[in-house]
Amino acid sequence: MEPSRDRISPLFSEARLQARIKELGAELTRDYAGKDLVVVGLLNGVYPFFADLTRAMELDFDVSFMQAASYGGGTESTGEVIIHKDMDTSIRGRHCLVVEDIVDTGLTLNKIRHLLQDREPASLRIVALLNKPKRRRVEVTVDYVGFVIEDHFVVGYGLDLSGKFRNLPFVGIYDPEHA
Ligand code: IMP
């Protein structure tokens, strides 16, 4: 069945997302003041969150992007994580903050964390807009979390179902009967 907007019920409004992102931005501004920072976004889903979060951080830092995939389409992870694009900035001896849209099984971030840790950054932390701890298959520390959610499949604000709905300004639950 084609993904349909009719199957989406709102979870976090645009106003609620933006208010929380402002809080996270203020926290990160305090924590990274005076540090040499590289902020790394995990494409594709992170793009709206990355843009809003980095603009809420009143600091100077480098930005870079990576792309990893653990989904082959649909709503279940294949368990395999492939790095499609690596970042083009050195993090050795620098503070590194990885920005992710949602942590589900933890497989993606676990792989990214190990990969980046091997590059010997001064510190490595993770910020995720959404965290689904009940779905975790591997332990991974998420240092900053926007919202903890139940085991729902969510779309919007960067999150997709088969490539659709990333452009919605809010986050909604997709009816699992039809996902
Ligand atoms: P993990 O490796 O299972 O933690 O999955 C992380 C990635 O899976 C995220 O970056 C998303 O691309 C995707 N993902 C996990 N849960 C959802 C969801 O509820 N909606 C849309 N994408 C999701």
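Biologist: Before we start, what should I know about the model and its numbering?

Modeller: Residues are numbered from 1 along each chain as its sequence is written, and side-chain values use heavy atoms, without hydrogens and water. The model is predicted: local features need pLDDT of at least 70, side-chain atom pairs count only at pLDDT 80 or more, and totals for chains, interfaces and linings use all residues.

Biologist: How many residues surround the ligand?

Modeller: A residue counts as near if one of its heavy atoms lies within 4 Å of the molecule. The closest are D101, D104, T105, T108 and V154. By class, the shell has 7 nonpolar, 5 polar (Gly is counted here) and 5 charged residues (Asp, Glu, Lys and Arg). The residues around the ligand number 17.

Biologist: How much of the ligand does the protein bury?

Modeller: Polar contacts are pairs of N or O atoms within 3.5 Å. An oxygen atom of the ligand lies 2.8 Å from a side-chain N or O atom of D101, and for T108 the distance is 2.5 Å. Taken alone, the ligand exposes 490 Å² (Shrake-Rupley method, 1.4 Å probe), and the share buried by the protein is 91%.

Biologist: Which element gives the largest share of the shell?

Modeller: Strands are DSSP runs of E with at least two residues, and helices are runs of H or I with at least four, numbered from the N terminus. Those giving two or more residues to the shell are β3 (62-71), β5 (95-103) and α3 (107-117). The largest share is 4 residues, from β5.

Biologist: In the open sheet of 3 strands, what is the strand order?

Modeller: Two strands pair if DSSP finds at least two bridges between them. The edge strands, β1 (8-12) and β8 (154-155), each pair on one side only. β1 pairs with β9 (residues 171-174) in the antiparallel sense over 4 bridges, and the order is β1-β9-β8.

Definitions and conventions
A polar contact is a pair of N or O atoms within 3.5 Å; within protein, one must be able to donate a hydrogen and the other to accept it, and residues adjacent in sequence count only if both atoms are side-chain atoms.
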